[in-house]
Every structure is written in structure tokens, then in C-alpha cells.
Amino acid sequence: MSWLHASRPASKQLWLRSLHILVLTVLVLNIVDSHAPGPQKNPNKKYNGAGTTTNLRNIVIGRCYHYMSLHPGIGDKNCSGIWQELVDAVQRKDPCKITVEDYKHLALVAAQTIPCNKTLLWSRTNELVHRYTRATENFITLEDTFLGFVFNGLMWCGKTFRPGMNFKFCPAWNECEHNSISSFWKMTSAAFARASCGLVNMMLNGSADGDIARKESILRTVEIPNMNPNTISEVRVWVIDDIQGEDKNSCNSKSLLELQRYIEKHKLKYSCIDNYRPVQALQCSESPDHAACNRCDYQ
């Protein structure tokens, strides 16, 4: 009886000690769990953009081989390696925290030489500029470069906590600053601008509302700052009005004069042409009766 009475306090103390340890363990696990960057934190986070393009791998590798067949001078590119570089740049990373630096190695393995006097930059003239380059084959836009050709029009992003691509949703272009798509095109645009030499032409929309080259555009924020004044002899702007549109900007307008100052600030020589006739001739092939198509003066 004396032994039984003596053991009860010890058992009670042991039970209380175990209870304290259990409570502390639960508290610690809850704290760790609340701070852990695991999928349980927000496993179903959705973005506003479309998911990764279906069959992206096959498209990328197929376009890679197609580009090499069209441009044998580019040399051999490891198409499977190009795909893997893209995967390595974005997988297991927050789709809103992908920077230009993440694509650095992809830019290196995909680098190419741009012939001098061939670069044609553009802003707000997407359809027209590519109609023109297809018709003349005298100029190269970003979309005609290796990286531009392979990835044009595609969508992709990785999963934050798992390998592979997210095929359900990705951040839209303006949803976050450092998303997988905008950072890729900033990287590609910068590389294109740095590789350009000689005369660089630039097609802008003279009928567009607002500034002819918006301050937040890739043209302003990436391409012009990355041009090398030691290798580029001149930047020539073509101000092209829509054939049926208004003449809202011309070489002497406030917006163009501001752009001129911005270009010259980067130690680049500037010139400007209103309605460059070869481009207008292409427009006139679809609207031959328009008044602008019945002029005899040519630039």
C-alpha cells in the first residue's frame, strides 16, 4: 500500500511532462508549417494568363530544327538542349519571380550573329512590320531571330514546388513584373539590340493614340538602352500611318521629338522618315484607290 501511494505522484509528474512535450511539439510543428514554402501554403493559386501551351516541348524542338533548315548559316543548335534550358530556367520557381538572369544560359546557347544594316525594330506595328519583312526579306525583326522564331506566340511557366510546366494557368504579361514570359522577351530583345550593328531601322505607328513609343514599351526600356553606339551608325525611324487612319504623329510631332532626345541621350545618331514609301506601297497593294496611293513622290 505504501508503495502504491508513493508511485502515484511520480506517475502524475511523468504524465504532465509528456503532456507538456506533446503540446510544445504541436506548437512547433504549427509554426514551422505556417512558414514553410511548401505546396500546402497555397496549392491552388491561379493566375490570369493561359497555361503552358499544349505540346510545348514538341513545338519548341520542331521549330528549332525548322529554323536551322531555313538558316543553315546559324550552325548546329542542340534542340533538345534548348528545350531543357527553358525548363531549367522556370521549373520549381515562383512564376512571378522569373528574371532575365534566369534565362542567361539559354541566351548563351542560342546566340546568333545579326548582319549589319538588317535590324528592324517595331512598336505597335506588329502585323504590318511582319508583312513587310516577309515581302522584302531585306530586314530582320526580333521574331525572325532564332529565339524569336522558336518561342513566338507560345506560353509557359513552371510549378513552384514541383518539376515540369504548369498547363493550367500562368501569369499574364502585366500581372507581375518578373513573370516567365515578360522576362524572356526582355532578355531576347536585349540580346537582339546588343547584336545589331550599322543602320538600325524602327517602324512606329503614326496613327496610334498617345506617345508613339510608350515609355513602358520594350523598345524604350530594353532595346534602345542596349544598343551599342560604337557599332550602330544610325537609328532611322519610319513613322507609318494606317492607310485608312489618322495622321496623329509625324517626324516633327512632340512625341517624335521626345523620342529623338531619348535616342540621342544614348549617344545614337537619329533620323526620321514620314510614311516610308516602300512600306506604304505594301499598304497600297490592299487599298490602291486611297489618295495616299496616288502620289508620285518617293522617299
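I start with arginine 92, which sits in the loop between α3 (79-90) and α4 (104-109). Helices here are DSSP runs of H or I with at least four residues, strands are runs of E with at least two, and both are numbered from the N terminus. Phi of arginine 92 is positive, about 60 degrees, although the residue is not a glycine.

Some ground rules. This is a predicted model, where local features need pLDDT of at least 70 and side-chain atom pairs count only at pLDDT 80 or more, while totals for chains, interfaces and linings use all residues. Residues are numbered from 1 along each chain as its sequence is written, and side-chain values use heavy atoms, with hydrogens and water left out.

Another loop, the one between α4 and β2 (120-123), holds asparagine 117. This residue other than glycine also has a positive phi, near 70 degrees. Its relative accessibility is 42%, so asparagine 117 counts as partly exposed. The cut-offs are under 20% relative accessible area for buried, over 50% for exposed, and partly exposed in between, with a 1.4 Å probe and protein chains only.

Now the whole chain. The protein chain has ten helices and six strands, and 44% of its 299 residues count as buried. Taking contacts (heavy atoms within 4.5 Å) between residues at least 6 apart in sequence, 75% join residues at least 24 apart.

Next, the interior. A nonpolar core means a set of buried Ala, Val, Leu, Ile, Met, Phe, Trp, Tyr and Cys residues joined through side-chain atoms within 4.5 Å. The largest one has 61 residues, and Tyr103, Phe151, Trp156, Met202 and Met227 touch the most other members. Leaving out residues up to four places away in sequence, methionine 202 touches Leu120, Leu121, Leu219, Ile224, Met227, Val235, Arg236, Val237, Trp238 and Ile263. Val129, Trp238, Ile240 and Tyr276 are among the twelve residues of a second, separate core.

Last, a helix pair. The axes of α5 (residues 126-136) and α10 (residues 277-284) come within 10 Å and cross at roughly 100 degrees. Therefore α5 is roughly perpendicular to α10; that label covers 65 to 115 degrees, with under 35 roughly parallel, over 145 roughly antiparallel and the rest oblique. Axes are lines fitted to C-alpha atoms over the stretch in contact, and angles run from 0 to 180 degrees between N-to-C directions. On the α5 side the contact uses Leu128, Arg131, Tyr132 and Ala135, and on the α10 side Pro278, Val279, Leu282 and Gln283.
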